[in-house]
Amino acid sequence: MQHWKTLLKNSITDPEELPRELKGDNSSLNKVTALYPMRVNPYYLSLIRQKGDPIWLQAIPDSRELQDTTCMEDPLNEEELSPIPNLIHKYPDRALFLVSSQCAMYCRFCTRKRKVGTARMTITRDTIRAGLDYLKKTPAIRDVLISGGDPLLLSDDQLDWILGRLRKIPSIEIIRIGSRVPCTLPQRVTVQLANILKRYHPLYINLHFNHPDEITPEASLACARLANAGIPLGCQTVLLKGVNDNPEIMKKLMHKLLLNRVKPYYIFQGDMTQGTNHFRTPVEKGLNIMKFMIGHTSGLAVPTYAVDAPGGGGKIPLLPDFSVKLEENLTFTSYHGLACTYMKAG
Ligand SMILES: *Cc1c(COP(=O)(O)O)cnc(C)c1O
Ligand code: SF4
């Protein structure tokens, strides 16, 4: 197996370097990558079967990224909600701590595409120390999510240092890592990495898979190494037009995740991020996908469908209509359309 650093170094960063049959249609793609960087490592590239497929769509720059006039640079208002650079404190008891500006593949739909992988995102030892100081003096934060960019692109030593510092803060109960690396560069998840991570329990990792074809033997091995280190694994999937906006594909993805001991956590409605408008779907699509899964398959396979409120209002769960009425008794329609009543207590 090739070393992850070698794979990363051999990434394609210029659309011109793509094999002819995978090239996009437009010649102005250099303008796209000047604003929003491209990185497709050889592993993720190998998952593409043909131009336009769900893997290709997620990874290959598109001229529509520059034609988006609907969306906003920072729809979740993250910059305003950052008391210090790279730490977003939006909810009372948890914070999002950005510790890496790099990813193993730059997803075209990224919510932080305004800065991820560019000079507009500066993360240094000093910004990380400032984040740790903020967490130390803000004991209301009991759950810290480290994200980026991708934290698993840090070296083992850097990650070990950050996790060690976080664990020294008594008010922090839960550490979470958000990472797409087990999907986009699973070779990074070495036995050595798993051995470091397992020293910092309770540690949770939320992965990011969007299509069943991303769950390869390599990705399964990465998940198994993390799960065997006792780390509960979740998955945050983004609903994307042409990639997974289909009930059968979504159900298959959820089932494959469970087979790998990954519990589906969220399906996100696409954020209103500038440069990603062509990936957005109607909310009805997401609701129909939920309706297709709830009751029809294991509850374990069904995540929460949510929209992250523009302006920074937080994640709002969205449920299909079960016509719930709470009057004297609770009346509702079951998943297969039967009218039901739950009698009031007492
Ligand atoms: C998503 C998010 C969290 C975590 O939310 P949960 O619903 O607890 O997973 C925390 N902070 C920020 C800024 C977020 O965007
Ligand atoms: S891995 Fe996450 S942070 Fe990185 S480009 Fe993809 S969506 Fe954005």
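## Secondary structure and overall form

In this predicted model, the protein chain forms eleven helices and twelve strands, where helices (H or I, at least four residues) and strands (E, at least two) are DSSP runs numbered from the N terminus. The radius of gyration, taken over C-alpha atoms, is 21 Å, close to the 20 Å that the globule rule (2.2 Å times the number of residues to the power 0.38) gives for 346 residues, so the chain is as compact as a globular protein of that length. Along its principal axes, the C-alpha trace spans about 65 × 50 × 40 Å.

## Burial and contacts

Of the 346 residues, 53% are buried, meaning that they have under 20% relative accessible area with a 1.4 Å probe, protein chains only. Among contacts (heavy atoms within 4.5 Å) with a separation of 6 or more, 76% join residues 24 or more positions apart.

## Nonpolar cores

A nonpolar core is a set of buried Ala, Val, Leu, Ile, Met, Phe, Trp, Tyr and Cys residues joined through side-chain atoms within 4.5 Å. The largest has 86 residues, and those with the most contacts inside it include Phe97, Leu135 and Leu197. Beyond its neighbours within four places in sequence, Leu197 is in contact with Leu159, Leu163, Ile177, Leu203, Ile205, Leu226 and Ile231. Another core, of seven residues, lies apart from the largest one, and among its members are Ile88, Leu98, Val116 and Met121.

## Basis of the values

Residues are numbered from 1 along each chain as its sequence is written, and side-chain values use heavy atoms, with hydrogens and water left out. Because the model is predicted, local features need pLDDT of at least 70 and side-chain atom pairs count only at pLDDT 80 or more, whereas totals for chains, interfaces and linings use all residues.

How values were computed:
Chains are lettered from A and ligands numbered from 1 in the order in which they are written. Buried means under 20% relative accessible area, exposed over 50%, partly exposed in between (1.4 Å probe, protein chains only).
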